[in-house]
Structure formats: structure tokens, C-alpha cells
Amino acid sequence: MFAFRAMNTDVAIAAPTLDPAAEQRLAQQAARLFADTERRFSRFVADSELGRLNRATGSVVVSRELMELLCAAGRHVVETEGLFDPTIGGALRAAGYDRSFSPGTLDHDAPPARAPPAHFAELAIDEPARLVRRPPHLSIDLGGFLKGRTVDHAAALAPAPAMVDAGGDAMLRGNGPDGTGWLVEIEDPADARHVLATLRLRDRAVATSAPNRRRWRAGDRAAHHLIDPRTGEPSRSDLAQVTVVAATAEQADVLAKVVFLLGATDGARRLDGQPGLGGALVTRDGSLLLVGDLEVADA
Amino acid sequence: MTDRARTPPRLPLTTLEWRLYVVVVLAGVYLIAWRAIADTTPGPPTASPARSAPSDLTTRGVWLDDLPVAQRPVLTLPPGWELAARGEAVVAVPTPRRAPASRPLRVRTRSS
């Protein structure tokens with residue numbers, strides 16, 4: 001297994017059937033992919049392509065890759081009926097998330113501001129011409145699915161079985177290192193030393209959303225990064241953590257946020273009965289709710 | 001053989017037909033002139049790379065950032081327009097390090 005740091009998180013790559021040199025080359029390829037993606041599409045990198053789009057005052061001709069990202073984001077907006085919306089960049093900044101997160105750095109005494117409402121539909125996108133025009137009040141943040149999508153792209157570089165794990169957003173290809181599936185431990189959001197349940201996954205991805213790490217103080221209130229597009233403010237969900245299992249890490253990444261915003265009842269309903277989808281929902285009182293298509297190895 | 005002078009043949013056109021003929025000719029001239037003017041009018045920046053590209057590329061079109069740097073034309077964009085670059089400058093690529101794996105290999109999922 002090889003590890004590196006990218007997108008402000010720890011990334012681990014393992015391909016048990018490869019010899020060490022080939023596994024290292026795979027990790028180097030993945031490291032380049034993560035670094036390049038972050039360099040181009042992070043809103044925190046001043047000269048990133050996304051940063052330039054967020055500063056542009058007129059129409060912008062974007063790269064093919066950024067257009068693909070915007071189109072993918074648009075599909076997620078439609079599929080989630082607007083509960084996923086990458087135009088929450090202004091709301092994140094207003095809540096105080098204006099730089100790359102590290103504990104304590106975002107704390108401030110002023111109460112959180114309110115950003116003007118923004119919706120993906122306000123972006124003018126001409127896909128064939130790769131032209132994008134952004135209203136001045138709208139700022140794009142692709143953090144809601146960029147990491148999961150990059151995990152999928154990195155996993156596609158590897159022969160199965162293989163694992164790409166970016167801070168808990170993981171794609172697990174094949175039937176695991178010993179043919180019995182990959183084991184995924186779900187961390188207790190109230191105590192990182194504890195595991196709430198262990199899942200067994202085969203050719204599936206997993207992602208988790210919770211406000212327990214990326215949180216800060218805004219005046220006398222606690223703020224976090226899970227913005228509800230319906231209010232433009234950090235969500236007041238009755239959930240403490242959501243883990244979603246899906247076919248791709250991108251889908252799991254998006255759905256983990258959507259289920260968190262929906263809350264325990266509607267969130268569980270969203271995942272239940274969907275082939276290939278499952279979830280582990282932890283409520284604020286610490287209860288664990290397992291829904292959908294899951295194989296539990298230990299709970 | 002005959003010494004009688006030959007009279008030139010007359011076109012059997014009525015006044016109305018002559019008018020139609022003139023209208024068609026003028027419309028053709030107008031169309032040709034209009035196309036010629038349109039071809040010299042600057043287009044939007046998205047069209048410029050294809051027009052400025054080498055001749056083998058002009059017919060199928062090419063994106064500016066797909067061209068080698070040396071072949072990219074200099075574009076003059078309208079006020080307020082901006083060309084977003086790919087940002088292909090220096091990318092700090094992290095160096096992967098061998099990490100001890102748990103046995104059996106497992107993932108800890110959490111918010112990050």
C-alpha cells in the first residue's frame with residue numbers, strides 16, 4: 001500500500017496483485033491525477049481554472065475537463081432535485097469557509113453572513129462552445145463531488161482488486177485482497193477511536209459526510225461545511241454522519257451529502273429499495289440505522 | 001444564298017418577365033456581396049482558433065488548448081471576455097510513500 005497527501009486529505013492506494021514496483025508506479029500516477037485535479041479545480045487555489053471562472057466578469061471559454069465537471073454537476077443537481085448544488089461557493093464563504101480547512105484557522109468572532117441565493121440554473125452553459133457565463137453573485141465549489149470523482153478516475157488506472165481511499169471516500173475494485181470482499185469500518189462520529197459497524201463490499205464505492213471535522217466557530221455559533229442549498233446555511237440535520245455505498249465514489253459522495261441534508265427519515269427512504277445503494281446513518285443521539293443494499297460483516 | 005440582311009432574333013420576353021429577370025440578378029449580386037462581407041467580420045472568440053489554425057485544421061475546427069503552444073494564434077477578445085487557461089503550470093505532485101497496511105486490508109470511512 002502507498003499513501004500520499006492531496007486535496008487536504010490522506011490518500012491510500014493498494015493493488016495487492018501488483019508487484020511493489022508496479023504498485024508504486026500506480027500510486028505515482030494517482031498522485032499526479034489528484035494533484036492536477038486540485039491544481040485546476042480547487043476554489044482555494046488562486047490561479048486554478050475554477051478560480052478564474054469564479055472571478056470572471058463575462059463569458060469564459062473553459063477547458064474540456066471543466067465543462068465535463070460542470071455537466072456532471074448539472075446532472076447531479078437534476079437527480080437530487082437541487083439538494084446537491086455546486087453553486088454554494090458564496091454560502092460557504094459567507095459561513096466562513098474561505099480558505100483550505102485546518103482546525104482553528106476558520107474561527108472568527110463575527111457572526112456568519114448571508115450570501116445571496118444562488119442556483120445552478122443561473123449558470124449560462126453552452127456545452128458545444130464550452131462557454132460559461134456566471135452571474136456576479138454566484139460562486140462555484142466543486143468540492144461536493146470532485147474528490148469522489150477523482151477517486152473513481154484513479155481506481156480506473158488499477159487492475160482489480162484495487163483500493164483507492166481518499167480520506168474515507170473510497171473505490172474498492174474487485175473482490176478484495178483475499179477474495180472475500182473489502183472490509184470498510186464506519187467510524188463513530190462522536191469518538192474516532194470507535195468503529196460502529198464493518199461492511200463487506202465488492203466492486204463498490206463508499207463515501208461519508210459529517211460535520212464533525214470541518215467545523216469552526218462563527219461568532220457564538222458553530223458552523224460547518226455541509227451547506228443546505230435550500231437555506232444557504234450550514235444544515236441543521238438530525239443526522240450526525242451519513243455513509244453511502246454506491247457503484248461509484250462520485251455517486252456515493254453526492255448522495256452522502258443529500259441524505260445528510262434530508263435527515264434520518266427522508267434520507268433512509270431515499271436509499272432504501274435502490275439496487276446497489278445502501279447507507280449507514282448515525283443520528284445525533286448516536287443511533288445507527290443501516291438501510292438498503294448492504295452486507296454487514298460486523299456491527 | 002441570299003442577299004437579304006438577317007434580322008437578329010428577338011427574345012420573346014414580356015415586360016413582367018424582364019422585371020423578374022432583373023430582380024433575380026440583383027438578388028444574386030446582393031447575396032454574393034453579403035456573404036463576402038460576413039466572411040470578413042470578426043467572429044466570437046470560440047470560432048477564432050479554428051479560423052486562425054493551420055489550413056489542415058480549418059475545415060474540422062480545433063480548440064485553442066488542443067494546439068501546440070507554438071501554433072496558438074494571438075487572440076484579441078472583446079472587452080469583458082476572458083480566456084480560461086488549463087493551468088498547466090507547475091503542479092506540486094506528492095510523492096507516494098510505502099505505508100503499513102492493516103491485515104486484513106481495510107478502509108476506515110469518515111468525514112474528511
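Which residue of chain A stands opposite B:Arg97 in strand 2 of chain B? In this predicted model, that place is taken by A:Ala3. The two strands involved, strand 1 (residues 2-6) of chain A and strand 2 of chain B, run antiparallel and are joined by 2 bridges.

Let's look at the rest of the contact between the two chains. Chain A brings 63 residues to it and chain B brings 34.

| Item, chain B and chain A | Value |
|---|---|
| Buried area | about 4,100 Å² |
| Share of that area on carbon and sulfur atoms | 54% |
| Salt bridges | 3 salt bridges |
| Polar contacts (both residues at pLDDT 80 or more) | 13 residue pairs |

On the chain B side, the elements giving two or more residues are strand 1 (82-83), strand 2 (97-98) and strand 3 (106-109). Strand 3 of chain B gives the most, with 4 residues. By class, this side has 18 nonpolar, 7 polar and 9 charged residues. A salt bridge links B:Arg106 to A:Glu185, with the closest N and O atoms 2.8 Å apart.

Now for a hairpin within chain A. Strand 11 (residues 215-218) and strand 12 (residues 221-224) of chain A pair in the antiparallel sense over 4 bridges. Between these strands lie 2 residues, and A:Gly219 in the turn has a positive phi of about 65°. A:Arg217 has A:Ala222 of strand 12 as its bridge partner.

In a regular strand, side chains alternate between the two faces of the sheet. In strand 11 of chain A, A:Trp216 and A:Ala218 form the covered face, whereas A:Arg215 and A:Arg217 form the uncovered one.

Terms used
Residues are numbered from 1 along each chain as its sequence is written. Chains are lettered from A and ligands numbered from 1 in the order in which they are written. This is a predicted model: local features need pLDDT of at least 70, side-chain atom pairs count only at pLDDT 80 or more; totals for chains, interfaces and linings use all residues. Side-chain values use heavy atoms; hydrogens and water are left out. Buried means under 20% relative accessible area, exposed over 50%, partly exposed in between (1.4 Å probe, protein chains only). Two strands pair if DSSP finds at least two bridges between them. Contact means heavy atoms within 4.5 Å. Buried area is the accessible area (1.4 Å probe) that two parts lose on being put together, summed over both. A salt bridge is a side-chain nitrogen of Lys or Arg within 4 Å of a carboxyl oxygen of Asp or Glu. A polar contact is a pair of N or O atoms within 3.5 Å; within protein, one must be able to donate a hydrogen and the other to accept it, and residues adjacent in sequence count only if both atoms are side-chain atoms. Ala, Val, Leu, Ile, Met, Phe, Trp, Tyr, Cys and Pro count as nonpolar, Asp, Glu, Lys and Arg as charged, and the others, Gly among them, as polar.
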